[in-house]
Amino acid sequence: MRLEVHKEMGLKCDVDNTAVDSMWLHNSIFGGFLDAFGIDMGEVDLHNQTPSIALERWVDRFPDGAERSDAAQTAAVCERAYFREGMKLYQERVHQLEVFEDFSAFLEKMRSKLGIRSDRPLPVALVTNSVRAWLDILDERFHFSSMVQVMLAHEDFGECPKPHPFPAHLAAQKLGFPHAGHLSAAGDALGDIECAVEAGCRDAFLIDRTQRTPSQEIASLRGKTKTRVHVVRSFTDIAIT
């Protein structure tokens, strides 16, 4: 797969399981959090932030999500509660995390192509549906704010997190572009790709490290957009031109 990189293009990139190898830590801490509420980890698809249990069970435990109309959004209410209560655990264990080597190498190739000095940030927006506190913890660990121009978290999106296109539009704005067509996007979940497609990003790369994304869902996304949707195992499979 090829990605054209030039000064009129930027990158919107997911964080967890795309840039940072962190899903194992989320599963560990989140499992303990859910157990306290009587919810089994097997009932939740944390990767796509979608519960397979009935919506009513989430509302029972997280009443601030009672006004939500769909299960994915109610699960996001749960996720924010869990981050608030479990932040200390993340702070204690963040030293165990690492940035994916292929992501770091990709940024360096991008830097070389654009001719940007090592002390200047790249036209990249790190975008997560997680809370700002989590992004701040990662920034303290990896110094992302010195590498990329923009970092966006749940608090920046109001009621419109991914897969809503608003995060992509906001990323483009913050990077100084007139619209999301100046962005390419990368993420490990279908919600990342849906966000990019609906916003009209130029390319959308699904970083499918575990090769578990249903092909029919990708085909459906490809069929309704001008956005070029690609599925790759890692950033190593993306050639910068």
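This is a short talk on the fold of one protein chain, taken from a predicted model.

First, the ground rules. Residues are numbered from 1 along each chain as its sequence is written, and side-chain values use heavy atoms, with hydrogens and water left out. As the model is predicted, local features need pLDDT of at least 70 and side-chain atom pairs count only at pLDDT 80 or more, while totals for chains, interfaces and linings use all residues.

pLDDT is the predictor's confidence in each residue, from 0 to 100. The protein chain averages 84, and 78% of the residues score at least 70. Over residues 48-56 the pLDDT is below 50; this stretch still has 25 contacts in the model beyond near neighbours in sequence. A contact means heavy atoms within 4.5 Å.

Now the overall picture. The chain has eight helices and 10 strands. These are DSSP runs numbered from the N terminus: helices are H or I with at least four residues, strands are E with at least two. Of the 241 residues, 53% are buried. Buried means under 20% relative accessible area, exposed means over 50%, and partly exposed is in between, using a 1.4 Å probe and protein chains only. Among contacts with a separation of 6 or more, 66% are between residues 24 or more positions apart.

Next, the sheet. Six strands form an open sheet in the order β6-β5-β2-β7-β8-β9, with parallel pairing. The edge strands are β6 (148-152) and β9, each pairing on one side only. Two strands pair if DSSP finds at least two bridges between them; β2 and β7 are joined by four. In one of these pairings, K12 has A185 in β7 as its bridge partner. Helix α6 packs on the sheet and touches β2, β5 (122-127), β6 and β7; its direction makes about 145 degrees with that of β6. For such angles, axes are lines fitted to C-alpha atoms, for helices over the stretch in contact, and the angles run from 0 to 180 degrees between N-to-C directions.

V127 is found in strand β5. Is V127 buried or exposed? V127 is buried, with a relative accessible area of 0%. Leaving aside neighbours within four places in sequence, its contacts include K12, C13, L152, F157 and A171. C13 is 114 residues away along the chain, yet the two C-alpha atoms are separated by 5.9 Å.

Then the cores. A nonpolar core is a set of buried Ala, Val, Leu, Ile, Met, Phe, Trp, Tyr and Cys residues joined through side-chain atoms within 4.5 Å. The largest one has 39 residues, of which V20, F103, V124, L126, L138 and F144 touch the most other members. A second, separate core of 26 residues includes L170, A171, A204 and L206.

Last, helix α7. Why is α7, residues 190-199, called largely enclosed by the rest of the structure? Because eight of its 10 residues are buried. Among them are L190, I193, C195 and V197. The cover over these buried residues includes β2 (10-13), α6 (166-174), β7 (183-187), β8 (203-207), α8 (215-222) and β9 (228-232). Just after α7, G200 takes a positive phi of about 85 degrees.
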